[in-house]
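Me: I would like to go through a protein model with you, one topic at a time. Could you begin once it is on the screen?

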Amino acid sequence: MGTNTNSHLRNQVEIKYHRRKHAEEMKQQLISFALMIVLTLASFAAVLYRDKMDPYFTVPFILLLAVVQLVFQLYYFMHMKNKGHSTQAFFLYSGLTVAVITLLTFLTLIWL
């Protein structure tokens with residue numbers, strides 16, 4: 001009888017823990033979603049007012065905002081921050097490394 005009560009209490013504690021954990025994760029996702037909306041609006045504003053801003057500022061600014069949004073989407077919406085995603089992260093970062101090296105190689109060849 002004592003083990004059933006103890007097991008029931010442990011299940012309730014686990015349920016409360018998981019609910020709190022899911023609520024915290026949902027809060028983080030909502031905050032990152034709101035930040036991504038703000039970043040998207042900033043990108044649209046940069047394009048909308050491109051005639052008033054220097055193009056050497058506008059293009060890197062939009063690219064920077066795109067990279068920040070990519071990080072938010074990978075870590076919060078695709079759950080890359082969670083355990084068990086190390087293989088996917090390895091392949092993702094390997095592909096990103098190859099892409100950056102290829103881009104730098106082509107830029108070097110074109111500018112030389």
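**A side chain and a backbone oxygen**

Reply: A polar atom of the side chain of Gln69 lies 2.9 Å from the backbone oxygen of Met36. A polar contact is a pair of N or O atoms within 3.5 Å; within protein, one must be able to donate a hydrogen and the other to accept it, and residues adjacent in sequence count only if both atoms are side-chain atoms. The model is a predicted one, in which local features need pLDDT of at least 70 and side-chain atom pairs count only at pLDDT 80 or more, while totals for chains, interfaces and linings use all residues. Residues are numbered from 1 along each chain as its sequence is written, and side-chain values use heavy atoms, with hydrogens and water left out.

Me: Which residues is Gln69 in contact with, leaving aside neighbours within four places in sequence?

Reply: Gln69 is in contact with Met36, Leu39 and Thr40 when those neighbours are left aside. Contact means heavy atoms within 4.5 Å.

Me: Where is Gln69 found, and does it count as buried or exposed?

Reply: Gln69 is found in helix α2, which covers residues 55-77. Gln69 counts as buried because its relative accessibility is 17%. Buried means under 20% relative accessible area, exposed means over 50%, and partly exposed is in between (1.4 Å probe, protein chains only).

Me: And what about Thr58?

Reply: Thr58 also lies in helix α2, and its relative accessibility of 6% is why it counts as buried. Leaving aside neighbours within four places in sequence, Thr58 is in contact with Ala46 and Met53.

Me: Where is Val68, and why is it called partly exposed?

Reply: Val68 has its place in helix α2. Val68 is partly exposed because its relative accessible area is 31%. The C-alpha atoms of Val68 and Thr5 are separated by 49 Å, and these residues are 63 residues apart along the chain.

Me: Let us change topic. Where is Tyr49 found?

Reply: Tyr49 is found in the loop between α1 (2-48) and α2. At 42% relative accessibility, Tyr49 counts as partly exposed. Its C-alpha atom is separated by 33 Å from that of Thr97, 48 residues along the chain.

Me: How many helices and strands are there in the protein chain?

Reply: The protein chain has 3 helices and 0 strands, in the pattern α-α-α along the sequence. Helices (H or I, at least four residues) and strands (E, at least two) are DSSP runs, numbered from the N terminus.

Me: What box do the C-alpha atoms fill?

Reply: Along the principal axes, the box is roughly 80 × 35 × 10 Å.

Me: What share of the residues is buried?

Reply: Buried residues make up 12% of the 112 residues in the protein chain.

Me: And what share of the contacts with a separation of 6 or more comes from residues 24 or more positions apart?

Reply: Such residues account for 55% of those contacts in the protein chain.
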